[in-house]
Amino acid sequence: MQHFPVWKRVLILLTCVVGLGLGAPNLFYKRVEAHNDAVTVLERDNALTSEQAEAMAGWPSWLPSGLVNLGLDLRGGAHLLAEVHLSEVYKARMDSLWPELRKALADQRAVIGSIRRLPSPPDVLKVQIGEASQIAKAVEVAKALARPVMSVTGVGQNDLEITGTGDTLTVRLSAPEQAATDDRTMQQSLEIVRRRVDAAGTREPTIMRQGVDRILIEVPGIGSAAELKALIGTTAKLAFHQVVGRATTADQRPGAGQEILPDANDRNTFYILDTLPVVTGDELTDARPETDQNGMPAVGFRFNATGARTFGDYTANHIGEPFAIVLDGKVISAPVIQTHIAGGSGIITGRFTVQEATDLALLLRAGALPAGMTFLEERTIGPELGADSIRAGMIASVIGFTAVVVFMVASYGMFGALASVALAVNIIFIIAFMSLIGATLTMPGIAGIVLTMGTAVDANVLIFERVREELRRGMAPVRAFDIGYDKAMSAIVDANVTHFMVGVILFVLGAGPVRGFAVTLLIGIVASIFTALWLVRLMIAEWYAWRRPKTIVV
């Protein structure tokens, strides 16, 4: 203990200084505002805004300025539970299959007779043929359109289930394909929602699947659930359709394969469009706010190679004809094609404001939601409630810290006081590392910190008890501490390794509150090993070199 290497002393002290530097901004940044005779701690963010920079005026700009993110329960924000309409995806799949099936059956018209699509549920495609005796031939033709299921659970099975009864051919998705479609749709919805929320400037949202068709969305710091719904609930489905003509009313009956959609800017104008789009927003690679030839806000776009080729071929063959740009079921523009548009890029004009053009470009870049969503739950957690949670968490932490300090000092005297100093450094390390990696602190995270306060001194208790045993045997103080640390080392490492493994399992398999608890627990475990085995030992060595006591009472 007397021969503590200089390099180790420097490394330990440097680690403590770095931890203090990373955690200190959280003490300096505290902007408060009087509100209804209460003090509300306002939101924080890892990326400093001008307001935050002003709030941290006393903190040097050249030092680290990262802050701990506060979770929804501490910071306030919005909570939504959305149900994804998977049936819309099935219907879109059947609608896209119909032209291909119709063409394949039409090639066999001489055998099977006439072909007519019958009304059916969204996930079913029913076709009536003229010659009921040839239904087996129709089934054979339809089966040629089936493809292998692209999923692990559907290996060796086809994506379509095709049957024939009487004069009716029935096509539906097979069970493996339906399950694979559900998974793809939910994963796509999760990713698009995440991109929209991130692009809106929020941090650390919780976006996760619940059950078969539901998505949990929690975004700290956003003003209200309505604001979050307005962003996420905007489908932003863009499509380019051929204009067949104009309708006098929305109730006018369209022809086969046609639909009537209203003008986005004129409620008395209706367009008759071909149901199948020429190209869709799924083939966009970029969208950005621009201005048109008149200097008005617009949105520029660019297609991928497939979309560019299709778009170019269509414009080349339909010069002089109107072309409808449809967004979320409304015609936002119906320009006349003046010339062949090559290169796969263009511009969407309409009566946009600058903000509307910017928002539309953002949504188009993020991509369209594959299906609509219904919000089953919505809650807004105000900053006042978050401040109350912070206050309750701080009170619990102070009580826990005080209890541990009292116990350690009462049990081990001065050495317990040194262990308590190391405990304070441990807590600073947790805050510092969370600031460094941008982790989110939640109420369960605070519970993890309080738990760490109790478990962090376990190593010191083991060491001090070992030292007591050696002192009772008449061992010299220096030798007693050396043996105490050496003998307790294996027990400390084993206990913390198992503790750490449990924390990793909680972090990997858990979500939301459980993961927040695991983060602080894992950081606390690593920090407690450092403070117990090295920092406390260094403090004891420095004390012994200064006082040179003949006897020691632990």
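Mentor: Happy to. Helix H5 (86-106), helix H8 (175-199), strand E11 (238-247) and strand E12 (258-262) each give at least two residues to the lining of the largest pocket; helices (H or I, at least four residues) and strands (E, at least two) are DSSP runs numbered from the N terminus. Keep in mind that this is a predicted model, where local features need pLDDT of at least 70, side-chain atom pairs count only at pLDDT 80 or more, and totals for chains, interfaces and linings use all residues. Residues are numbered from 1 along each chain as its sequence is written, and side-chain values use heavy atoms, with hydrogens and water left out.

H5 supplies the largest share of this lining, 8 residues. In total 33 residues line the pocket, and Glu88, Ala92, Lys237, Pro277 and Thr280 lie nearest its centre. On a 1 Å grid over the protein atoms alone, a pocket is an open set of points with protein on both sides within 12 Å along at least five of seven lines, and lining residues have an atom within 4 Å of a point.

The volume of the pocket is about 1,300 Å³, meaning the space filled by probe spheres set on the points, which are joined across faces, edges and corners.

Key. On a 1 Å grid over the protein atoms alone, a cavity is a set of points where a 1.4 Å probe fits but cannot get out, and a pocket is an open set with protein on both sides within 12 Å along at least five of seven lines; lining residues have an atom within 4 Å of a point.
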